[in-house]
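Have your viewer open and your selection tool ready. We will walk through a few stops together, one selection at a time.

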Amino acid sequence: MTSWPLTYGSVPLCLLLIVALCAGTSHSGDNVCPSALITSCKECLRRGPQCSWCFKEDFLEGTGAGHRCDLQVNLLKRGCGPEFIEKSDVKVDVNTTVSSTQVSPRDISVTLTPGSEASFIVAVKQLPRYPVDLYYLVDVSASMQENLDHLKTVGVALSLRMTEYSSDLWLGFGSFVDKPVSPYINVHPTKINNPCSDYEIRCRPAHGFHHVLSMTGNMSEFTRVIKRQRISGNMDTPEGGLDAMLQATVCQRAVGWRPEAKRLLLLMTDQPSHLALDSRLAGIVIPHDGRCHLENNVYTGSTRMDHPSLGQLFDKLLENHIYSIFAVEKQQYQWYEELVRLLPGSYLGKIGFFQSPNLIDLVVDSYKSLLTEVTLSVSVDDKAFSRYWTSVSPICPEGATLKEQSCLGVQPNQTVYFNITIGLHSCPDHGADEDIQVMVRPVGYNESTTVRIHSKCQCGCGSTGHCHESGRSPCAGNIHSTGREQKPHRGLVNESNWNCRAEGSNVDCSGRGVCECGRCVCENSRLGTIYGKYCESDDFSCSYKDGLPCGGRGMCVLGECVCEDNWTGDSCSCPVSTATCQSPDGSLCSGRGTCVCGQCVCDNHRYSGDLCERCPACQSSCQSNWKCVDCHMAHGLKQHEAGHCNRTCDSDVVYISDMMSGSKWIQCMYMSSDNCRYWFQTSSESGRNQLHISTRAECASRGRLIGTFLSVSALTVLCGLVVVAVSRLLLQKRGWTPGDARKDGEYNCTGKELSYIPTSNDKTVTYRRDRPPDHSVEMTVHVKMPLGEPWQ
């Protein structure tokens, strides 16, 4: 056995094995290890993979046994050397002596402790042109007569077609109907030997499974066997297809499956299949044992055992590296579609008629599809299944697609890597170490990986095997004849008390314990642990953060926090890392501040935000960048001249040909003195002002401006003429024109206006005679004449 890391064949070192030691968190806030209830090393390690036990004899003298259980970093800081620490030990070893061509590695050993996990990589390589074994399992009930005839021409044609994908094709044949018991068949004596007697046809008796032809490369022999087959009959609609599939799978010797070949099992039927527990109708209640029961190539357990369950059938197909193909009539497609979902490594084909071309296409298509899909199955011993958990993550090659826990579209000579994680929940009830075996099988492959797991549930506690699980050392003196220990009271001075006082002190055990047998037994405090030879140390007289000493990220030693790695500060509340201050551009605090205790402190009060990225008072605008743009235009927008504008610009300037899109950019325009428009855009989201100037100018000449003015003027005059013409046309349509209004004194009026036009001309004529003066006469005459008649 060789310990990883190693390379295995052509598998990359970085992918072959990843060991994940679940050491847990070392933060005291999440520390579940210390407990007054713990009295032994075994109990300590069961609390989690992060817990360790110190079996040093004089460790934390005077304290309880529970204080020997803690995080390893804490035990080391308290003076327990690494040689005295019992901890969870996760190991992964691989046996490199076992060769393989498709699956590697083939043999792995893993050591786990309760709560721990280990991860490793299994590589599956897709090889080209496998030998292929194809076993036809055909429903020979009466409704399949025509379909059985079509099989007679399949052998030779299929063999020729498969030469493109396989180096060697062998065929086998078996038939099935149903369990030969009532109510599945008619048990009348005349019907048992000939189920078709009512139709004056000679049929063969019903049978659960009959193996007819073992695997052979002789296509003529396959055709000859098919021609000899006769139909049978039964009474109910479902058939015993799954029962026959199990026998064809597990009867390896009889069927003749080759170990080096890809194995295909093709089920042909036009009806659904019986499932587990269906046999209760016939009084058969014994579950199937999953074994081969063939005598003279006939299935003898059909009348004694129930149909297999789908889980049992899948396990056997997987164990024997067999792909299953279902060729069914269209009417039953939906039923088998639900079935195939529960049988990984299966293919379903819908065929209108079981004709030779259809069957050949189905076999070829299913073989290509199954071969390009790589799926992995991990199985744990049933006795330990509840104590372990597994996880599988495929890493598909280029060109393949990921689907749940498999890769689709894998091509020959490509390799699929599976990252497998196995974890241990708990030890057996008896608490002893345990060895189990886990099988990692690629579906349909004749190679697999064996993982041997050793669960470590006992403590070794060094070479002596003495874990010192008692909290106190035995007292050598002060023993009376009764055998009982004398415990001096606090403050009592005797010959051994000098050993309980620190130098220069006149108080036993620093006033925080009692002296027993010349050794200090420290008090139990609700604040934490008091320890040390003179009870001079504790783990709570330090700065607190979030209610925890040293913020839960360090140990309190002599009143000062000894922080864990990656933490600092009086209360271990400041991370050493500046990752939380990193801006997207890689700078610290956007280049405008310093990182203090994991947070940005901005240098200028105008800036704010977690990364000093916001500055409402100094946001760039279009007008504020005009001087900078004008400077760059004055130097011809040439990159080697851009340095002359450093004093004018406070932005990072970049020349571009096309403007960028996005909400972060403010689009602006600058009109130069030569009547050219320059587009530019600005942004300050990344922490520093950015300015992009477009090198494409939009300029207009003076002649072009005059031409534009004349064109607009001409267009305006033209529009006015069009309006006048349209108005005149509308007036004409209404029956009135200015030119005709004075012609011959006539009026052109509509019928509605005639009532308002006068039809006569009224005039008043006055005659007056002035002579004789004294007899003047005046006469008035009123004359009414037709309109239009002239006055005489």
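Which order do the three strands of the open sheet have? The order is 3-2-4, and the pairing is antiparallel. Strands here are DSSP runs (E, at least two residues) and helices are runs of H or I with at least four residues, numbered from the N terminus; two strands pair if DSSP finds at least two bridges between them.

Before moving on, a word on the ground rules. This is a predicted model, in which local features need pLDDT of at least 70 and side-chain atom pairs count only at pLDDT 80 or more, while totals for chains, interfaces and linings use all residues. Residues are numbered from 1 along each chain as its sequence is written, and side-chain values use heavy atoms, with hydrogens and water left out.

Look for Cys54, which stands opposite Ile85 in strand 4.

**Stop two: the disulfides.** How many disulfides does the structure hold? There are 21, counting pairs of cysteine sulfur atoms within 2.5 Å.

Select Cys41 and Cys459, joined with an S to S distance of 2.0 Å. The link is left-handed, with -90° about the S-S bond. Cys41 sits in helix 2 (residues 41-46) and Cys459 in the loop between strand 23 (449-455) and strand 24 (513-516), 418 residues apart.

Is Cys41 buried or exposed? Cys41 is buried, at 0% relative accessibility (buried means under 20% relative accessible area, exposed over 50%, partly exposed in between, with a 1.4 Å probe and protein chains only).

Next, pick Cys427 and Cys457, bonded at 1.8 Å from S to S. Their torsion about the S-S bond is about -100°, so this disulfide is left-handed. Both cysteines are buried.

**Last stop.** Select Cys602 and Cys612, whose sulfurs are 2.0 Å apart. Cys602 belongs to strand 36 (residues 599-602), and Cys612 to the loop between strand 36 and helix 13 (626-634), so the pair ties together parts 10 residues apart in sequence. Colour by accessibility here: Cys602 is partly exposed at 23%, whereas Cys612 is buried at 0%.
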